[in-house]
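Student: I'd like to learn how to read a structure like this one, feature by feature. Could we go through it together?

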Protein chains: 2
Amino acid sequence: MKLPKLEEDSVIEVLRRDFRRIDPDLFIGIGDDAAVLRWGGRSLILTKDLLLEGTHFRTRWHPPELLGRKSLSVNVSDIAAMGGDPRYALLGIGLPEKTEPSWLESFLSGLKAAAGEEGVSLIGGDTTRAAVITISVTLLGEAQRIVPRNGGRPGDLLYVSGTLGDARLGLRLLKRGVGPGAGSETDHLLRAFLDPRPQTALGRRLGALEPVSAMIDLSDGLSLDLVRLCRESGCGAEIDLGKLPVSAQVREFSRTPYREALHGGEDYQLLFCLRPEGKPRLSELKKEFHLTEIGRMLPGSDVRVIDRRGRSKKLEHRGFKHFSDAKK
Amino acid sequence: MKLPKLEEDSVIEVLRRDFRRIDPDLFIGIGDDAAVLRWGGRSLILTKDLLLEGTHFRTRWHPPELLGRKSLSVNVSDIAAMGGDPRYALLGIGLPEKTEPSWLESFLSGLKAAAGEEGVSLIGGDTTRAAVITISVTLLGEAQRIVPRNGGRPGDLLYVSGTLGDARLGLRLLKRGVGPGAGSETDHLLRAFLDPRPQTALGRRLGALEPVSAMIDLSDGLSLDLVRLCRESGCGAEIDLGKLPVSAQVREFSRTPYREALHGGEDYQLLFCLRPEGKPRLSELKKEFHLTEIGRMLPGSDVRVIDRRGRSKKLEHRGFKHFSDAKK
């Protein structure tokens, strides 16, 4: 194998090519939100995320209880994006010498609360000393029907759940020293970043909806995650910037709310493709969930965005994440 | 929950108590080498280990290829200790900005080689930027019969595989600046630390042997891991220091070879209990594997060691690992 640059997506590409094996039990391997096995006639969805102090969070602004919640939630989001239900978690945790027992207690208390809400049991893990707080959650789930990243086809309609860009604004506020309690608008934005809520109930319902052909969770921003969805599906796409769902809070705190919605990461909302004939059935779901049609899948490989003046342009994303990029 | 001190074992105890759930699919939860689920009629063994730069390894003495191997091997060892076979791995990896692509290539090449030898497929994971190299492997396996930690009974005989203390001596040599190539004796010790070989074949065979009642892998040293085995089994034990298997290399490089064998960590050998009636069947296995009877399980909770002068004393272990202990 040869790695020209340490870009996340190129590393994943190399891993995928290099570790490919013929395996009748392996339904989905490297490159989706989660891996999927057939195990004893049941589906088994597996995902894991690293959360590292200094890269993904800072203790001075992330209350340990919310960090405990988020450590589980970001993994639950990956399972939801497959149309699945989370079931069991393993926790690997590395702590620096100076960590207060009370910090760990609050962290575990938050993790436990989120696990209870999501119906997840913690069944094992690993503890160790570390230079910075190091959190590695592995989550297992299952689904009646798996919704992969690669099922999108030209003509499919593109939808997103919730609103986009809130977490990015929340992070910006934290960097400026704005903490919880400064107002309900800022609290909404802070919470979007500090305590994102995975779309488990929606993911399960979309999994049960046959015309939903492909799905991904929005962890790195719509612009990048849409490109990934398109690449996996072998299609292009066109989305309409003006249709992106933006909260009143993002409008209030940003002069470029649609840019925030397009490029902001960590929203943990769902982006999915729907065969056009599924529209009537989706309208049922729209009564319960906030869903917005933002564009459609196209032949080819171009991913385009119609700007607010109606001009269609190639979608610029911030580039595949480089290992050297400071995420925060 | 209340954590008086950040000791690994007390944290695990709190997690176990606090996260206990009634779950018919959960066969073994927190507190064993690995968790075990029943999933679709098959067993599903799950384990994960964090390997952190500065805590578990140093790049200046750990060649990336061997580190890739070890990242998988330490997890394989946990599955072997349940009597299982490893099947699928997920890799979470965090890399600092300065990491050379060639380092990652070698690391992955080692990981791939070890995975091939063990019949493991890499099916997913996570990549991110990090302050220090952060490796988190999750491994799935299965077994026909699970050998837990808690199956030991008074009267069971205690056995270990291989030789003990080699890895500890290897680490000591590395700290003194001795590298590979200085001689076949030192190379043996270095390799024990840098590239431990998990006892997969032996673990599988012991799993098939009904009189094998309990098993644990020796990652933190015999003195500590034996106490864990006894505590889980609700027994005491007595081992004979002079019977511990010690390599010629450890004898040559240490003035206290039996101390190294008793307290040295990272051997990744197997410690197991055998019902006495199983002895004839074990002697078959002894033709293929290096196995040594070192003592027996006793009623009560005392764990004792007979020293080289024939005196029985309470076994002193180095204490449950504190998060603030420098492991290396």
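Student: Which handedness does the crossing of α2(B) and α3(B) have?

Tutor: A crossing is left-handed if the near helix is turned anticlockwise from the far one by less than a right angle, and right-handed if clockwise. The crossing of α2(B) and α3(B) is right-handed. Helices here (H or I, at least four residues) and strands (E, at least two) are DSSP runs, numbered from the N terminus. Keep in mind that this is a predicted model, in which local features need pLDDT of at least 70, side-chain atom pairs count only at pLDDT 80 or more, and totals for chains, interfaces and linings use all residues. Residues are numbered from 1 along each chain as its sequence is written, while chains are lettered from A and ligands numbered from 1 in the order in which they are written.

Student: At what angle do α2(B) and α3(B) pack?

Tutor: Axes are lines fitted to C-alpha atoms, for helices over the stretch in contact, and angles run from 0 to 180 degrees between N-to-C directions. For helix α2 (residues 64–80) of chain B and α3(B), the angle is about 40° and the axes are 6 Å apart. That makes the pair oblique, on a scale where angles under 35 degrees count as roughly parallel, over 145 as roughly antiparallel, 65 to 115 as roughly perpendicular and the rest as oblique.

Student: Which residues make the contact?

Tutor: Two residues are in contact if their C-beta atoms, placed from the backbone, lie within 7 Å. From α2(B) the contributors include L66(B), L67(B), L72(B) and V76(B), and from α3(B) they include W103(B), F107(B), L111(B) and E118(B). By class, this contact has twelve nonpolar, six polar and three charged residues. For the classes, Ala, Val, Leu, Ile, Met, Phe, Trp, Tyr, Cys and Pro count as nonpolar, Asp, Glu, Lys and Arg as charged, and the others, Gly among them, as polar.

Student: How do α2 and α3 of chain A cross?

Tutor: Their axes come within 6 Å and cross at roughly 40°, so α2(A) and α3(A) are oblique to each other. The crossing of α2(A) and α3(A) is right-handed.

Student: What is the angle between α4 and α5 of chain B?

Tutor: Helix α4 (residues 166–175) and helix α5 (residues 184–194) of chain B pack at about 105°, with axes 7 Å apart. They are therefore roughly perpendicular to each other. Among the residues in contact are L169(B) and L173(B) of α4(B), and L189(B) and F193(B) of α5(B). The class count for this contact is ten nonpolar, three polar and one charged.

Student: Is D166(A) buried or exposed?

Tutor: A residue is buried if 20 or more other C-beta atoms lie within 10 Å of its own, exposed if 12 or fewer, and partly exposed in between; C-beta atoms are placed from the backbone. D166(A) counts as buried because it has 27 C-beta neighbours inside 10 Å. It lies in helix α4 (residues 166–175) of chain A. Leaving out residues up to four places away in sequence, D166(A) touches residues including H188(A), S247(A) and D267(A).

Student: And where is T200(A)?

Tutor: T200(A) is in helix α6 (residues 200–207) of chain A. With 21 C-beta neighbours inside 10 Å, T200(A) is buried too. Its contacts, again without residues up to four places away in sequence, are V76(A), A80(A), D85(A), P86(A) and E118(A).

Student: What is the phi of E266(A) and of Y268(B)?

Tutor: Most residues other than glycine have a negative phi. E266(A), not a glycine, has a positive phi of about 65°, and Y268(B), also not a glycine, has one of about 55°. E266(A) sits in the loop between α9 (257–263) and β10 (270–274) of chain A, and Y268(B) in the loop between α9 (257–263) and β10 (270–274) of chain B.

Student: How many residues of chain B are in contact with chain A?

Tutor: There are 62 from chain B, meeting 63 residues of chain A. On the chain B side, β5(B) gives the most, with nine residues. By class, that side has 29 nonpolar, 18 polar and 15 charged residues.
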